[in-house]
Amino acid sequence: MQRFLNSPLKNCKFFLSLGAILLGATLSLSAENFRIRKLVPITFTNIDEKITVSSGINDALWITLPSDLTYVSGIELTLKVPEDIVTWRDSVAYMLYEKLDPIPSEKKKNYHGERVYLNTIPGNFTLTIYVPISSDFSIKDNPYSVKLPLSDNFKTSLAQNSKQTGIFLRFMMVMKGVPESLENSILEITAKPVLKNKGSLTLSITPPSNEEKKYSVFIDDVPANDYSQKILTTGEHHLSIVSDSYRNELRTFRIEQAKNTGVSVKLRGIEPLIKLLCPRNTQVYLDGELVKVTNEAIVVTQGEHTVNFILGDYEIIKTVSAMNGRTYSVNLNIDATITEEN
């Protein structure tokens, strides 16, 4: 208050008293008719945009939100305040309106709406204004920013993707006795969406045959029924697929902010698998049948199986007791031994 009394404003009269302004900053006001000089549109077509516009003292912003608000938690407005407004602090007010009639347009200047917030621009060269539109808005309060309130009706309109829903912010001179040059001051405003700390998972699961059997999906140990586009917090997550008919599958994946992560899982049957590892030119017989050695495992039945390795004049025979749900590696190692003699 002492700073206010020592400023150039101390001999000025307000259209609105300072007390009324502070009251309006916290309480909803009744609907009113008003006129603006010009409407400055800000239209977001995607969530990565940053848009800078210029607004006069008696202009208004009409912010059209992105059509997809899945990852958007609010809008950030950064105001670069010219020196004369900084000097004559609290001389310019900004007001948030809802329930506008008619729908804002650059061709229209007269409106009827409900003012839900009112405050003045302080004596700083920058001012950051946040407009949260989601309960996921995570930016904390700080002395250098202002967080504007939106009604539940507004948020309901957003959820219904109403084309009439946008953010209407009006600027207005609220002081007499200021220099005429102040009327011509221009605010530079940069707007961008505030993104949630979330992304999405698209999980694709392919069974080994056309006949799909029962399985359960868990994400971070929580059952997941719908995983076509599962919204998750950013960071590392764990996937597990559990089944009596297929092998259990485990995966680790990362979710990035406002991005979709795709994970594909090919389910495998519970029949035992045998992997064969041996030097080139080795003949391998599985249960008496010559097999071709590849990087792929061989599906076998549960029970005893015999593997014959033949390399030149050498033959090695191994027996595998195979059980469902297990994978066995049979590896033929050819080694050389070095000894030293006096």
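Is D90 buried or exposed? Select D90 and look at its surface: its relative accessible area is 10%, under the 20% cut-off, so D90 counts as buried. Please keep in mind that you are looking at a predicted model.

**Stop 1: around D90**

D90 sits in the loop that links helix 3 (83–87) to strand 6. Check its backbone angles too: phi of D90 is positive, about 65°, although D90 is not a glycine.

K176 belongs to the loop between strand 10 (167–173) and strand 11. With a relative accessible area of 46%, K176 is partly exposed.

**Stop 2: a cis peptide bond**

Next, select D101 and P102. The peptide bond from D101 to P102 is cis, and its omega is near 0°. You will find P102 in the loop that runs between strand 6 (92–101) and strand 7 (110–120).

**Stop 3**

Strands of a sheet pair through backbone hydrogen bonds, either parallel or antiparallel. Here you can pick out an open sheet of 5 strands in the order 3-11-5-8-9, with mixed pairing. Strand 3 (51–56) and strand 9 (145–147) are at its edges; each has a single partner strand, so one side of each has no neighbour in the sheet. From one strand to the next, the twist averages 25°.

Colour strand 3 and strand 11 (residues 186–195) to see how they meet. They run antiparallel and are joined by 6 bridges.

**Stop 4**

Colour strand 12 (residues 198–206) together with strand 18. This pair is parallel, with 7 bridges. Click on T206 and then on K266, its bridge partner in strand 18.

**Stop 3: aromatic rings**

Show the side chains of F34, W62, Y97, Y111 and F168, which form one aromatic cluster. How many aromatic pairs does a search of the whole structure find? The search finds 9.

**Stop 4: the second largest pocket**

Select R247, R268, G269, E271, L273, K275, N295, E296, A297, V299 and T327, the residues that line the second largest pocket. About 230 Å³ of space lies in this pocket.

**Last stop: N281**

Finish at N281, in the loop between strand 19 (273–277) and strand 20 (283–286). Phi of N281 is near 75°, a positive value in a residue other than glycine. N281 counts as exposed, with 68% relative accessibility, whereas D90, where the tour began, is buried.

Technical notes: Residues are numbered from 1 along each chain as its sequence is written. This is a predicted model: local features need pLDDT of at least 70, side-chain atom pairs count only at pLDDT 80 or more; totals for chains, interfaces and linings use all residues. Side-chain values use heavy atoms; hydrogens and water are left out. On a 1 Å grid over the protein atoms alone, a cavity is a set of points where a 1.4 Å probe fits but cannot get out, and a pocket is an open set with protein on both sides within 12 Å along at least five of seven lines; lining residues have an atom within 4 Å of a point. Grid points are joined across faces, edges and corners, and a volume is the space filled by probe spheres set on the points. Rings of Phe, Tyr and Trp (its six-membered ring) pair if their centres lie within 6.5 Å; planes under 30 degrees apart count as stacked, over 60 as edge-to-face and the rest as tilted. Two strands pair if DSSP finds at least two bridges between them. Helices (H or I, at least four residues) and strands (E, at least two) are DSSP runs, numbered from the N terminus. Axes are lines fitted to C-alpha atoms, for helices over the stretch in contact, and angles run from 0 to 180 degrees between N-to-C directions. Buried means under 20% relative accessible area, exposed over 50%, partly exposed in between (1.4 Å probe, protein chains only).
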